[in-house]
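This report concerns one protein structure and selected features of its geometry. Please view the sequence and the coordinates together.

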Amino acid sequence: MKFTVTSNDLLLQLQAVAKVINQKSVAAVPVLENILFELQGNILTLTAADQSNRLTCALEVNNLGEDGSFAVRSNIILDAIKELSDQPIEIDVDSEGGKATITYSNGHYSFLSTSADIYPQGIELDEARTIVMPAQSLLKGLERTLYAASDDDTRPIMTGVYLDFYPEKLITVASDGRILVRYTDSNIKCGETASFCLPAANTNLHE
């Protein structure tokens with residue numbers, strides 16, 4: 001498995017998915033300290049998870065070999081890429097031995113990867129709905145409500161933001177049991193009816 005990619009493009013996606021990794025989940029399930037790399041054609045998919053959430057990003061790379069997958073500890077790959085200036089890099093992974101090498105303009109860095117087979121599989125969603133909306137519109141709704149969410153881990157359902165989709169609007173709600181904040185955005189017209197609670201850890205607004 002071998003591919004080239006711009007270091008800054010890879011770093012941005014790695015940092016995005018790594019935000020979901022937390023030490024409580026790693027202590028319970030050590031493999032969750034890893035980021036999963038999956039290469040199919042010229043699309044590289046990166047996945048990170050904790051015990052209740054799974055975050056995936058994809059970016060385009062130049063595939064120089066066969067499709068493949070591997071996992072690597074998040075701090076190992078992030079620390080290596082952070083030290084590089086923005087430049088094309090080549091990542092070569094031996095799927096059998098686990099040895100991986102990052103080659104850049106004036107050197108290379110080697111590390112050991114882990115088989116992707118040990119990484120937890122994602123849950124298959126039956127009859128899932130896909131809703132597309134402007135990222136900034138969603139961000140505004142989260143910013144207007146997240147501050148009211150609870151930080152009490154014993155009530156996890158109240159530590160996030162409730163998203164209630166209507167065909168002609170999106171309502172975001174958060175509450176800690178004492179105050180409740182509700183924000184309506186009538187500019188979001190997704191044409192669907194759906195609802196779910198987004199954990200605060202997945203919004204990245206608290207950082």
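## Basis of the values

The model is predicted: local features need pLDDT of at least 70 and side-chain atom pairs count only at pLDDT 80 or more, while totals for chains, interfaces and linings use all residues. Residues are numbered from 1 along each chain as its sequence is written, and side-chain values use heavy atoms, with hydrogens and water left out.

## Nonpolar cores

A nonpolar core is a set of buried Ala, Val, Leu, Ile, Met, Phe, Trp, Tyr and Cys residues joined through side-chain atoms within 4.5 Å; buried means under 20% relative accessible area, exposed over 50%, and partly exposed in between (1.4 Å probe, protein chains only). The largest core has 33 residues, of which L10, I35 and F37 touch the most other members. Helix α1 (residues 7–18) contributes the most to this core, namely five residues. Helices (H or I, at least four residues) and strands (E, at least two) are DSSP runs, numbered from the N terminus.

A second, separate core comprises 15 residues, among them A148, F165, L170 and A200.

## The F37–F70 pair

Rings of Phe, Tyr and Trp (its six-membered ring) pair if their centres lie within 6.5 Å; planes under 30 degrees apart count as stacked, over 60 as edge-to-face and the rest as tilted. Three aromatic pairs are found in the whole structure. One of them, F37 with F70, is stacked, with 4.6 Å centre to centre and 15° between the planes. This pair links distant parts of the chain, as F37 belongs to strand β2 and F70 to strand β6 (residues 68–73), 33 residues apart. Both residues, F37 and F70, are buried.

Contact means heavy atoms within 4.5 Å. Beyond its neighbours within four places in sequence, F37 has contacts including F3, L10, L14, L44 and I77.

## The loop residue N42

N42 lies in the loop between β2 (34–40) and β3 (43–49). N42 counts as partly exposed because its relative accessibility is 36%. A polar atom of the N42 side chain lies 3.0 Å from the backbone nitrogen of N63.

## Cysteines

The structure holds zero disulfides (pairs of cysteine sulfur atoms within 2.5 Å). For C190, the nearest cysteine sulfur is that of C197, 17 Å away. C197 counts as partly exposed, since its relative accessibility is 25%.

Methods. A polar contact is a pair of N or O atoms within 3.5 Å; within protein, one must be able to donate a hydrogen and the other to accept it, and residues adjacent in sequence count only if both atoms are side-chain atoms.
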